Each structure stands twice: as structure tokens, then as C-alpha cells.
Amino acid sequence: MTDYGVLLVGGRRSHQESHAEVFSTHPKCKLVAVTNRKDVSDYRAHLDRQLAKDHGIPYISDLDEALRLDVQIVSSTPEVEVRPEVAVKCLEAGKHLYLDKPLAGTLQGLDAIVQAYHSAHVTAQMFTTIHSKWAQDAKRAIEDGSVGRLKTLHIENLFAKGRAGTVPVGTVRCEKERPERFTYVEAKREMFDVGVYCIALLHWLTGRHTETVYCQTGNYFHAQHARVDVEDFGAMSLKMDGSLTATILAGRFGATSHPQNGPQRIVLVGTKAVLTFDAYRPRVEIYNDTLDFIQPPLDLMDPMAMWGSTAIDNPPRPKRRWASFAQVNPMEADVAAFIECIETGRTPDIDPRAAATLTEVILAGYVSAARGTEVSLPLPRI
Amino acid sequence: MNQGTHELKSNHLRLLSHVVQETINQGAIGTPRYLRCIITLSSEDGLEAVLLELTRLAGAWFGSGACSSYRLGCDESTHITEMQKWSEGQGAILTATHSPTAIGPRLDLMLIGSRGTLYHEE
């Protein structure tokens with residue numbers, strides 16, 4: 001029995017590709033339509049129509065019109081720059097909202113979403129990897145006392161995607177305090193887009209707030225990122241409340257820099273033990289005469305291999321040297337938790353308030369990286 | 001300081017340094033850009049001394065010393081983390097920590113280069 005009609009905001013070449021796939025297989029959900037803001041570009045509308053066709057559902061060009069349909073859930077993945085506008089509309093329309101990450105690219109945007117959420121009395125959740133098995137194991141180790149009192153943590157998430165080694169020699173990143181643009185065809189802000197996973201895990205695992213950040217961003221690997229002046233790497237040191245400290249690494253460092261999809265790990269340093277939780281353990285390793293992964297031909301429209309839809313014609317050879325034990329798809333588990341929150345009335349762990357807090361940490365990171373100094377949170381509202 | 005543990009640790013770091021330098025010299029990871037190293041020690045060892053050794057290694061692999069460092073924790077808090085920056089944009093996160101269950105030193109290292117990455121866990 002289907003309980004929830006799902007409206008998709010965004011199409012191909014957005015995270016809606018994976019959101020839609022997961023919602024389409026949830027037994028209580030039925031995809032109803034793809035939509036977007038009325039003033040999107042022709043190209044974006046084309047991509048949205050393509051996703052609608054992929055799933056055999058109608059495309060509606062006007063979000064306001066689509067929100068009047070019989071839908072209870074909106075899966076929202078528009079460009080970062082317009083996420084606040086879309087989220088506020090969906091919340092004001094009384095729809096449960098499943099949000100792409102990070103929440104928004106400005107403090108004003110974060111605050112607007114939180115304010116609308118406060119008034120909406122619906123369930124809203126931002127996607128994170130907190131429901132992955134290795135993160136759940138780390139949480140259990142903290143809660144059951146295996147690690148003792150937590151002293152510090154290190155969390156890293158690096159995507160093994162893109163062709164590394166192309167950044168011009170001598171490139172030294174000079175960060176800006178306020179990023180103005182986030183959406184490009186060929187690159188994305190990796191500390192923003194990947195670092196959010198680490199910060200979300202940090203806040204969720206510890207239940208603490210970040211008091212200060214000290215951050216460094218870099219252009220280490222990809223010419224595409226350097227060309228549009230966005231970072232491909234970020235590192236942060238954080239002081240949390242209660243004297244807890246943490247470090248994080250995030251970025252996109254090349255398809256051939258890791259045997260699988262890139263490091264995803266949590267290191268807990270406590271009074272009793274130092275424990276490491278890794279997305280790829282336990283695993284078996286296989287070596288034989290089968291040709292392993294080679295980089296696919298460069299797709300100029302997606303050089304960073306951000307979207308599954310661009311790999312349809314030239315699928316990369318899979319990496320087969322590591323075979324991890326069966327793991328729960330983090331988005332399937334995350335959507336399942338979202339539906340469960342709708343049904344029980346429980347507030348999601350990463351609701352817009354939590355999502356805004358951790359996204360603000362990343363924005364503070366840019367300020368720190370630009371100034372070369374520690375920055376305190378919360379950031380001042382001008 | 002426990003001399004046996006210190007000698008094991010120093011010898012291991014010396015051998016590691018050699019292998020990593022060879023890897024860098026061969027161009028296998030391109031230009032070293034970021035180092036993440038977490039070393040866990042038994043309680044008898046001095047964190048500052050170990051951090052100094054890690055700093056020296058980072059300097060050797062990056063070809064120069066760091067131009068700035070930012071510290072979390074201190075020796076009395078049983079863990080130290082330094083985030084170090086280099087003038088040409090490289091960086092490092094170096095953590096030295098005590099653990100009561102550590103029988104000997106345990107090293108978890110990732111050296112990220114412009115076109116490849118080196119991993120070491122011991």
C-alpha cells in the first residue's frame with residue numbers, strides 16, 4: 001500500500017538521480033512528478049524532463065503548480081544557490097521535505113529555511129551518512145563506553161573520483177570568506193559538498209556543538225576546480241563544547257587514489273581506547289589476472305564523475321580488488337529513517353535546525369581559511 | 001620514557017621515512033600535498049617528542065618546514081593535534097595520543113599527493 005506521493009524537485013545531473021531511485025523502491029512511496037522553479041534554464045528543464053522520463057512520471061514546469069498535487073513528500077535537490085527559496089516554498093506548502101546536502105550556501109539561506117521549518121510542523125531531514133553501518137558502529141562504541149570518555153575524533157571522507165594530477169604546478173589556493181557561487185558543470189566546492197558528511201557525523205556522534213574552527217582549503221588535484229576557483233580539498237580543526245576536539249578531511253582526490261570509493265573513516269580517541277571505524281572493513285581483497293579499474297574516457301560535461309546519468313554511455317570499469325562485507329546503502333537507510341519519522345512524529349536527527357548548525361560550521365571554515373585564523377561560532381548575522 | 005618502546009618507534013619511523021621518500025622520489029603519488037598521521041602510544045611515551053618526529057617527517061616529505069601550526073590539546077590532556085601549513089599550500093594534521101590499551105606504537109598514516117595517495121597502518 002502506498003502512503004506517500006513524492007514530488008521530485010530537480011532532475012538528471014543532480015542528486016535527485018539517487019534520491020528518486022531510493023524513494024521509488026520504498027514500499028510506502030510512489031513517485032508522482034518531477035518539477036522545478038519556473039525560471040530554470042532550458043538545459044536544466046531538459047535534464048528534469050529526462051529524469052521524469054526515466055521514471056515514467058510527468059514533468060511539471062512550475063513548482064507552485066506541482067505543490068498543489070496530491071503529494072505528501074518533496075525530495076528537493078535544486079542548485080545550492082536556490083535551495084532556500086525552494087525549501088521555504090515546500091515547507092510553507094505543508095510538505096514533508098527530504099533535502100539535498102548541504103542545506104544552503106549562505107547564513108541568510110540557512111536562517112530562512114530554519115524559520116520556515118519552525119512554522120511548518122512537518123518532518124524535514126537532510127541527507128547524511130549517519131545511518132551507514134560503520135557510523136552506527138562508532139555511535140554504539142561511544143554510547144556503550146567501549147572508547148571511554150571521548151577526547152578527540154578524526155573523520156575523513158574523500159571521493160575517489162575525477163582525474164587527479166591536472167592542477168597547474170605552483171597553484172596555491174587563496175580562499176575567500178564568502179563563497180558566492182557553488183554550481184558549475186565541471187566542479188563543485190568539495191569542502192562544502194563532501195565536508196558536510198564529516199561535520200554531520202561529528203555533531204551526531206558527539207551531540208556537541210562546534211565552538212571554533214581552523215580551516216585550510218586547497219587546489220591539490222584538479223585543473224577544473226582551480227579554473228573556476230573552488231577548492232578540491234579541505235581540512236579543519238574544531239573545538240567543540242566540553243573541551244572535545246576534532247579534525248576532519250574532505251575532498252575529491254582522484255579515481256585512482258583509493259582501491260574503492262575513497263577513504264571514509266572515523267577515528268575515536270577516548271580514555272579507554274582508540275577505535276577506528278571504516279566503510280571498507282571488514283572486507284576481503286582479491287588479486288588475479290582480471291584487468292582492474294581503469295579511468296573511463298574524460299566526459300567534458302562531467303569530468304568529476306559526479307552523476308550516474310553521465311556514465312550510462314561510458315560506464316567505468318568497476319574496482320574489484322576490495323569486496324566489502326554487505327553494507328546498508330546509506331541513502332536507503334536514511335530515507336527509511338525519514339519515513340519512520342513521518343509516521344511516528346519523531347524529529348529526525350538531522351532536521352533543518354541540525355543541518356543549519358553544521359552547514360554554518362563549513363561556512364565558518366571558509367572564513368577561517370581566508371583569514372588564516374581560528375573563527376568562532378556562531379557567525380555574526382549582519 | 002620507555003627506551004625499548006622509543007627505539008621500536010624510532011626505528012619504525014626511520015624505515016617508514018625511507019620507504020615513503022623512495023615512493024615520492026619515484027613520482028608515484030605526484031607532488032605530496034597533505035599528510036594525515038595519527039600515532040597512538042602507550043602511556044610511558046612523550047607526546048611532544050613523537051609530534052616533533054612526525055613534524056620532521058612531514059618537513060622532509062614536503063621539502064621544507066611548515067610556516068604555521070595550530071594546536072589542539074596538550075601533553076597534559078593525553079593527546080596533541082597540530083594542523084600545520086606550508087607556504088606552497090601543503091598541509092598536515094598530526095595527532096599523537098596516549099591509549100591505555102596500546103601495547104606498542106600504532107601508526108595510521110595517509111600521504112595525499114597530486115596524483116596518488118600512500119596509506120600506511122601499523
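## Basis of the model

Residues are numbered from 1 along each chain as its sequence is written, while chains are lettered from A and ligands numbered from 1 in the order in which they are written. In this predicted model, local features need pLDDT of at least 70, side-chain atom pairs count only at pLDDT 80 or more, and totals for chains, interfaces and linings use all residues; side-chain values use heavy atoms, with hydrogens and water left out.

## Overall fold of chain A

Chain A contains 11 helices and 15 strands; these are DSSP runs numbered from the N terminus, with helices (H or I) of at least four residues and strands (E) of at least two. The C-alpha trace of the chain spans about 55 × 50 × 40 Å along its principal axes.

Of the 382 residues in chain A, 60% are buried. Buried means under 20% relative accessible area, exposed over 50%, and partly exposed in between (1.4 Å probe, protein chains only).

## A nonpolar surface patch

Tyr43(A), Val185(A) and Met301(A) form a nonpolar patch on the surface, and together they have about 250 Å² of accessible area. Such areas come from the Shrake-Rupley method with a 1.4 Å probe, and for residues only the protein chains shown count as cover. Patches consist of residues with over 30% relative accessible area and no salt bridge; like charges are joined within 9 Å, and nonpolar side chains (Val, Leu, Ile, Met, Phe, Trp, Tyr) within 5 Å. Val185(A) lies in the loop between β7 (150-159) and α7 (190-193) of chain A and counts as partly exposed because its relative accessibility is 33%.

## Salt bridges

The structure holds 36 salt bridges over all chains, each being a side-chain nitrogen of Lys or Arg within 4 Å of a carboxyl oxygen of Asp or Glu. One of them joins Lys28(A) and Glu343(A) at 2.9 Å, N to O. This pair links distant parts of the chain, 315 residues apart, with Glu343(A) in helix α10 (residues 330-344) of chain A.

Another salt bridge connects Glu121(B) and Arg265(A) at 3.1 Å, N to O. Glu121(B) lies in strand β6 of chain B and Arg265(A) in strand β11 of chain A, so the pair joins two chains. Both residues belong to one network of salt bridges that share partners, which also includes Asp278(A) and Arg36(B).
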